[in-house]
Amino acid sequence: LKICVLVKEVPDAAVEKRINPSTGRMDRSGERNLNPYDTHAIEAAMQVKEGGEVEVEEVIAVTMGPSTAVRALHKAVSLGADRSVHLADDALAGSDVVATGYALAKVLERESPDLVLLGQQSDDGECYTIGAVVADYLKMPSLTQVIKMDVTPGKLRCERQAEYGYDTVEIELPAVISVGDAINEPRYPSLKAIMGAKKKPLDAVGIGDVGIEGDRVGEAGSKVVCGDFKAPPQKAAGEIIEDEDTNETVEKIIAWLDERKLLA
Amino acid sequence: MSGILAYALHYEGAFNKNSLGGVSEAARLAGELGCEAHAVVIGDVSDDLAATLGNYGVTKVFRAKDAPEGLAQPVVDVMAKVMDDNGHDYALFGGGLLGFEIGAGLAARLNAGVTMEVTQVNVADGKLTAERPIHGDSSISTSSYKDRGIIIGRLNAFETAVPSDASAQVEDVDVELSEFSTKATMVQRGEARGEDIDIEGADILVAGGRGLGKPEGFELCEALAAALGGAVAATRAVVDAGWYPYSTQIGQTGKTVSPKLYLAAGISGAIQHKVGFQSSENIVAINKDSNAPIFEYSDLGIVGDLNKILPKLTEAVKAKKG
């Protein structure tokens, strides 16, 4: 079994996010990190590998993004991936969800994985639709927000919560699965794994290397035009209490609730 | 012929509330554009039930009887064929997990533009544009489409129209499913998990999230809810983890509530949760992380340890109420 994990570099959650108003694109400067949701996808791959139900030959981390995205791949490798592939090309800048999914599908086609895993959503563009796009291009069955995944030869048994409760779905491999964060507790990488991550093979490819048609990606190849960024209607800022003396804090909460007749 | 096609999810003989919102929105927009809005239904839907979608303004309902309902990819096959055969320019989905999956797959299939988490759709120069809050709702971006457009609403974004007595024409469509669409099969659908608790009528809700630390943390919420005369709600993360029943879950794929007081304990306030309670009259948040997004939209925020605050607050509420 060969598993590919799609990962993404996102702004660190602690850093304020901003859009460049002149280009309409995310300002990608500042602190970056591996998308926290992706660590669950890598952990899921490692648990399949270590679970012994099926033989896993390789776990490969795949990303698309600028040169800095290499750090996300190093992190993915430190968490257990055997090697990584970095799709980077100036022609990809400004790609929408469909163009991005198409480009990633072309990289994956070259690897021909039995299982593609990804995190349920990325922390920046909130594009938790990418799995469904990639699956359609690869012509593979797909399911998102999976919180339990049992692997048997040739088949997966997945559980996920949908509109009416929990669904159990059986899926034939190869398949594209996006996992929810309840699926596992990701491990912390060992110091040795962090130090060794840069030595694992990293394959840098451009669009020509994987047969991506240039007119189907980037701003020109995208079918959505995003613009007119505006601030949402402002809600009056709420009151904030830093709890130093809990008795005092509780008194303030009681007064606040009482004023609004919520303790009647 | 142009037009808008809306997907109507159904379960146990009733249409999904968010789907009816999407159908209503499609009809409203079609009126502005001067075209027709249609709906698509999958699987076992009676003629009578399908025709009731006309109450919300669509003139025609395409029904794919033999396709399985509950999984996205067969619906992509059906919608792609219906849109190609009938020349729809737009597909529209109310909020919901399946809508996200179907809409994204459909965009890939049709090489169309897609926008998700849409809160408002407008008509400009005879075309649709979609507004979508981004980056933790700190900014709103507007999407327009070079060709066909797929618009996926945020939960509760589209209002359901007041039903008329109009009826829609029902047309059966025969669609051959893609081979890969048949490789996933539903083994069990809609398992409730946990006891059935009614929280939708409660005026006061005390909600717990992952910040409670452990399942037993909910005892603190239960004690406070009992003192306040309210009920206990939960986030998806803790329901998925098995800490609390699915019937108490607020947000995407859970319930939508608007109580007089929503007190959130140990909840960071991700968008998927926020959409389920943001219309509450008063929102109080207790969280030890001062960066938690919930503090950006709570009316009263307390940065502190809920394990210290909740028990004392419960005692104080009891004392106050006598």
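Strand 16 of chain B runs parallel to strand 17 (residues 282–287) of chain B, and 5 bridges join the two. Here helices (H or I, at least four residues) and strands (E, at least two) are DSSP runs, numbered from the N terminus, and two strands pair if DSSP finds at least two bridges between them. The model is predicted, so to speak of local features pLDDT must be at least 70, while side-chain atom pairs count only at pLDDT 80 or more and totals for chains, interfaces and linings use all residues. Residues are numbered from 1 along each chain as its sequence is written, chains are lettered from A and ligands numbered from 1 in the order in which they are written, and side-chain values use heavy atoms, with hydrogens and water left out.

Helix 5 (residues 218–228) of chain B has as its buried residues F218(B), C221(B), L224(B), A225(B), A227(B) and L228(B). The elements that cover these residues include strand 14, strand 15 (231–234), helix 6 (236–240), strand 16 and helix 8 (306–321) of chain B, with contact meaning heavy atoms within 4.5 Å. After helix 5 of chain B comes G229(B), whose phi is positive, near 75°.

Elsewhere in chain B, R63(B) has its place in strand 5 (residues 60–64). Leaving aside neighbours within four places in sequence, the residues in contact with R63(B) include V41(B), G43(B), V170(B) and V173(B).

The two chains also meet each other. The size of an interface is often given as the accessible area lost when the parts come together. Between chain A and chain B the buried area (accessible area, 1.4 Å probe, that two parts lose on being put together, summed over both) is about 7300 Å², and carbon and sulfur atoms give 56% of this. In chain A, Y164(A), Y166(A) and K223(A) lose the most area to chain B, together 12% of what that side buries. In terms of contacts, 76 residues of chain A touch 84 residues of chain B.

Across this interface, 37 residue pairs are in polar contact, both residues being at pLDDT 80 or more. Helix 7 (residues 246–259) of chain A gives the largest share of the side that touches chain B, 9 residues. There are also 7 salt bridges between the chains, a salt bridge being a side-chain nitrogen of Lys or Arg within 4 Å of a carboxyl oxygen of Asp or Glu. One of them joins the side chains of R160(A) and E101(B), 2.8 Å from N to O. Strands cross the boundary too: strand 12 (residues 224–230) of chain A and strand 10 (residues 139–145) of chain B pair in the antiparallel sense over 5 bridges, and V224(A) has Y145(B) as its bridge partner.

Over all chains, the count of salt bridges comes to 38. In chain A, R83(A) and E111(A) form one, with the closest N and O atoms 2.8 Å apart. R83(A) lies in strand 5 and E111(A) in helix 3 (residues 97–111) of chain A, so this pair ties together parts 28 residues apart in sequence. R83(A) counts as buried at 18% relative accessibility, and E111(A) is buried at 6%. Salt bridges that share partners join K2(A), E58(A), R83(A) and E111(A) into one network.

Technical notes:
Polar contact = N/O pair within 3.5 Å; in protein donor to acceptor, adjacent residues only side chain to side chain. Buried < 20%, exposed > 50% of the residue type's maximum accessible area, 1.4 Å probe, protein only.
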